[in-house]
Amino acid sequence: MASRGPRHPSFDLLSRYRGVLMGVQILLIMAFHYTEDLSNAAGRFDGPAQLFYDYIGSSGVDMFLMISGLGLYYSWKRNPDARAFYRKRLTRVLVPYAVVALVGWIWLDFIHSHAGAVRFLADITFVTFFTDGVKWFWYIAVCLVCYALFPAVFAVVDNDDRNVAGPWGRTLAMCVAASMVAVMLYRFVPAAYDNVDLIVNRLPCFVFGVLLGRLSYERRPVSMTIVSVYLIAVVIMLYPMQMDDIPLVKSFLRAALNLLLCICGVAVMNAMSRAGKPALTGLHDVLSKVLGWFGRYSLELYLLHVMIRKMLNLNDLPTVRLRYEAVVVIGAIVLAIPLKRLCGLLQHLLCASWIQRNVMPTTIAPRKGPRNGTATLRT
């Protein structure tokens, strides 16, 4: 079989295996939610679940934001039309959210807690996320903030520098600035920080993801030696040095660990595809298809997973128990397919409606035909 992919590792592999990486991250997020339930139930637990909770944690979200930044860079680079960009991105995120969140928030605010219509409107529009720290479906709020900031971030990262050191420096400066915002909120407005920490702590990951988009778009080479050195350094800082005791540092170290492991993973996948051995090629194709499926349905899986998980826990069916956790995982997987199809139909209808409203209508202008002088349609 002919070899596929670049011979030498480059950042382009992150784009080439984007769907696979998204599949890995949604599985890591599901696993984190289960270990989080274990931690809340037991206070402290041992074994692989404890190691996962301590050193991988919720870094799947951080990696999702980096992958999102990478994808947005490609999208904007190919078509810098703000209206088309936001129409596509917002419908892709908000339509699935609306379908799932309507069910979830109606159940919570009208049936479970009897909070009423005002609270329902505040919850579903993320008002209570910023005012009260209500963090159900919080990832969607993070996406909306990142989309709003993206044009400015793109302009800084994509400044026309031939030397790659320029984009690196500007990106790191933006990451430092975003981190300082988080530190200032934590230091001087702790109540507000507690509400929005999930956003402000992760903005640097999104900004760095936009830089990854440029490096991938330009097919910049990756030195696996340097990646290995950084990986060892991050592991040392996480475990022997115990630097994960600082919340913001812990978030960054986990994100760095996840990213470095992803780079190693896609390099291995690329090597498998080029090996020319049927066994390795077959394994590569199977992994690509399975993980790619999870990546393709990642948003739907996330929304369904967090909704079912909360519903079970609030109904005294703790997902710390494997039978209820199985309901969460299997339910999300089974429902993801019809949800995506329904949302695809709704998105198509929304796009068709937008086109009808915005495209100039066809008018009839008199023009002589080639022979008989009859009027023809002119648009």
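Trainee: Which residues in α13 do Ser59, Gly60, Asp62, Met63 and Met66 in α4 meet?

Mentor: Keep in mind that this is a predicted model. Helix α4 covers residues 59-78 and helix α13 covers residues 247-274. Across from those α4 residues, the α13 partners are Ser251, Arg254, Ala255, Asn258, Leu259 and Cys262.

Trainee: And at what angle do helix α4 and helix α13 pack?

Mentor: Two packed helices are described by the angle between their axes and the distance between the axes. Here α4 passes α13 in a right-handed crossing. The axes are 9 Å apart, and the packing angle is about 65°.

Trainee: Is Tyr53 buried or partly exposed?

Mentor: Start with where it is: Tyr53 is found in helix α3, residues 48-55. Leaving out residues up to four places away in sequence, Tyr53 touches Phe32, Thr35, Glu36, Ser39, Phe45 and Arg254. Buried means under 20% relative accessible area. Tyr53 has 21%, so Tyr53 counts as partly exposed.

Trainee: What separates the C-alpha atoms of Tyr53 and Val176?

Mentor: Along the chain, Tyr53 and Val176 are 123 residues apart.

Trainee: How does Met184 count at 43% relative accessibility?

Mentor: The cut-offs are under 20% for buried and over 50% for exposed. At 43%, Met184 lies in between, so the label is partly exposed.

Methods
Residues are numbered from 1 along each chain as its sequence is written. This is a predicted model: local features need pLDDT of at least 70, side-chain atom pairs count only at pLDDT 80 or more; totals for chains, interfaces and linings use all residues. Side-chain values use heavy atoms; hydrogens and water are left out. Buried means under 20% relative accessible area, exposed over 50%, partly exposed in between (1.4 Å probe, protein chains only). Axes are lines fitted to C-alpha atoms, for helices over the stretch in contact, and angles run from 0 to 180 degrees between N-to-C directions. Helices (H or I, at least four residues) and strands (E, at least two) are DSSP runs, numbered from the N terminus. A crossing is left-handed if the near helix is turned anticlockwise from the far one by less than a right angle, and right-handed if clockwise. Contact means heavy atoms within 4.5 Å.
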